[in-house]
Amino acid sequence: MSLSNKKILLGIGGGIAAYKSADLVRRLKERGAEVRVVMSQGAKEFITPLTLQALSGHPVASDLLDPAAEAAMGHIELARWADLMIIAPATANLIARFNAGMADELITTCVLATSAPIALCPAMNQQMYINAATQANLSNLRQRGIHLWGPASGSQACGEIGPGRMLEPLEIAKQAEAFFAPQLLAGQKIMITAGPTREAIDPVRYISNHSSGKMGYALAQAAQAMGADVTLVSGPTQLATPSGVTRINVESADDMLSAVMADIAKQTIFIGCAAVADYRVADIATQKVKKSSSTMTLALVRNPDILASVAALDNKPFCVGFAAETQDVEHYAKGKLTAKRLDMIAANDVSVAGLGFNADSNALQVIWPTGQQALPATDKLTLAQQLLTLIATHKHA
Ligand code: C5P
């Protein structure tokens, strides 16, 4: 089991998403983890300690000054016991207190007292999440090495729609699995391109595509968890940079090529996951184009192929491409593998609804010069781990 022998301290904050934390305990335990629970005072208003005690199989701690709890396992011992501390839900208030380094109740004290890695799963109203104070707190915490898992976007208990939903328990358990992944990529330097590119028409307009960047970001997160030193060269996306990953922001295909080439000599693996625009505008207008006639024609020129340029280098890294196709997937992917001189290509059928482009799940047919393997539909983080495991195996083959 993927979390066997892992000791996870789950801190539950006082938010409506706390009811999902009960399920999270089960998801972690069914993967082999030993789970102990600490609840904030607020959390006990949403879910009872008895529920968490029954599910975790251990008494739940919530009081800093509880002699009975301290006699069983003191708060410092609890903080020391953990291999990983997960805070789910991490409310805006808790996040502010963690950032301030407060030790005003057991949950904040454990965060301060543990030397284990900490992951926060934010959960709050979308306006509270985008508030500058919360964003500054999260950014500080991230700089201190605290991992942020989520939040997701969508409908909220308060009736609003936006970012701030806690990740689902299964997704959090998968993040924990990725976190403890075997270090198959230790010592590797991986560069990953992700997201769309934007090709300017004039100072206010551009041509782009619907790529969300999710697959590339999942690869970056999983590669980092597997021990690699990761550089993510990213077109414009709405996604947070995975902890420990160096991100270089670019806009156009030309920018992306320059950013890649500036650092490629150091890389041992290159994964082209970006949806690079095939064409750019031949002459970008320096002033905003006026709508003076009823039709308009844009002259386009081919963009450089970033992946093929990397694969053509004398000292090329192990090169992996993606091929999004709507028909004859294997045939076209094999053609690209040869034409671009790649070591591996991950092909997906983007005509299947809900998979691949701009979706949370994907399925891949991974092809290399001497073989292939199907990776069935699953979430992008799990798929990223599976693809990286294949890369690690074939790079050394
Ligand atoms: O667009 P195409 O199907 O040829 O893309 C296949 C692979 O090549 C993808 O991995 C993509 O990231 C990469 N690519 C690139 N630069 C381009 C076009 C595609 O790196 N201009």
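Is Ser211 buried or exposed? Ser211 counts as buried, because its relative accessibility is 14%. Buried means under 20% relative accessible area, exposed means over 50%, and partly exposed lies in between, with a 1.4 Å probe and protein chains only.

This is a predicted model, in which local features need pLDDT of at least 70, side-chain atom pairs count only at pLDDT 80 or more, and totals for chains, interfaces and linings use all residues. Residues are numbered from 1 along each chain as its sequence is written, and side-chain values use heavy atoms, with hydrogens and water left out.

Stay with Ser211. It lies in the loop between β10 (205–207) and α10 (214–225). Helices (H or I, at least four residues) and strands (E, at least two) are DSSP runs, numbered from the N terminus. Leaving aside neighbours within four places in sequence, Ser211 is in contact with Gly195, Pro196, Ala275 and Phe357. Contact means heavy atoms within 4.5 Å. A polar atom of the Ser211 side chain also lies 3.5 Å from the backbone nitrogen of Gly213.

Now turn to helix α1, residues 19–30. Its buried residues are Lys20, Ser21, Ala22, Leu24, Val25 and Leu28. What covers them? The cover includes the strands β1 (7–12), β2 (34–39), β3 (84–90) and β7 (161–165). It also includes the helices α2 (49–56) and α9 (169–179). After α1 comes Gly32, whose phi is positive, near 100 degrees.

Next, the open spaces. Rolling a probe the size of a water molecule over the atoms shows where empty space is left. The search uses a 1 Å grid over the protein atoms alone. A cavity is a set of points where a 1.4 Å probe fits but cannot get out. A pocket is an open set with protein on both sides within 12 Å along at least five of seven lines. Lining residues have an atom within 4 Å of a point. Grid points are joined across faces, edges and corners, and a volume is the space filled by probe spheres set on the points.

The largest pocket has a volume of about 1,400 Å³. Its lining holds 45 residues, and Gly150, Pro151, Leu167, Lys214 and Leu239 lie nearest its centre. Two or more lining residues come from each of β5 (147–148), β6 (152–155), β7, α9, α10 and α14 (380–396). Helix α10 gives the most, with six residues. By type, the lining of the largest pocket divides into 20 nonpolar, 14 polar and 11 charged residues. Here Ala, Val, Leu, Ile, Met, Phe, Trp, Tyr, Cys and Pro count as nonpolar, Asp, Glu, Lys and Arg as charged, and the others, Gly among them, as polar. Domain 1 (7–179) and domain 2 (189–395) each give at least three residues to this lining. The domain bounds come from an automatic or database domain assignment.

The second largest pocket has a volume of about 880 Å³. It is lined by 38 residues, with Ala274, Ala275, Val276, Phe322 and Ala324 nearest its centre. The elements that give two or more residues are α10, β13 (269–272), α12 (306–311), β16 (318–325) and β17 (344–349). Strand β16 gives the most, with five. This lining divides into 17 nonpolar, 13 polar and eight charged residues. Ala308 is found in helix α12. It counts as partly exposed, because its relative accessibility is 24%.

How many cavities of 30 Å³ or more does a search of the whole structure find? It finds one. The largest cavity has a volume of about 30 Å³. Ala61, Asp63, Ala69, Glu70, Met73, His75, Leu78 and Leu106 line it. Helices α3 (67–72) and α4 (75–81) are the elements that give two or more residues to that lining.

Finally, the backbone. Most residues other than glycine have a negative phi, and most peptide bonds are trans. A cis peptide bond joins Ala88 and Pro89, with omega about 0 degrees. Pro89 has its place in strand β3. The bond from Gly150 to Pro151 is also cis, with omega near 5 degrees. Pro151 sits in the loop between β5 and β6, and is among the residues nearest the centre of the largest pocket. Asp328 has a positive phi, near 45 degrees. It is found in the loop between β16 and α13 (329–339). Arg341 has a positive phi near 55 degrees, and lies in the loop between α13 and β17.

Conventions: A polar contact is a pair of N or O atoms within 3.5 Å; within protein, one must be able to donate a hydrogen and the other to accept it, and residues adjacent in sequence count only if both atoms are side-chain atoms.
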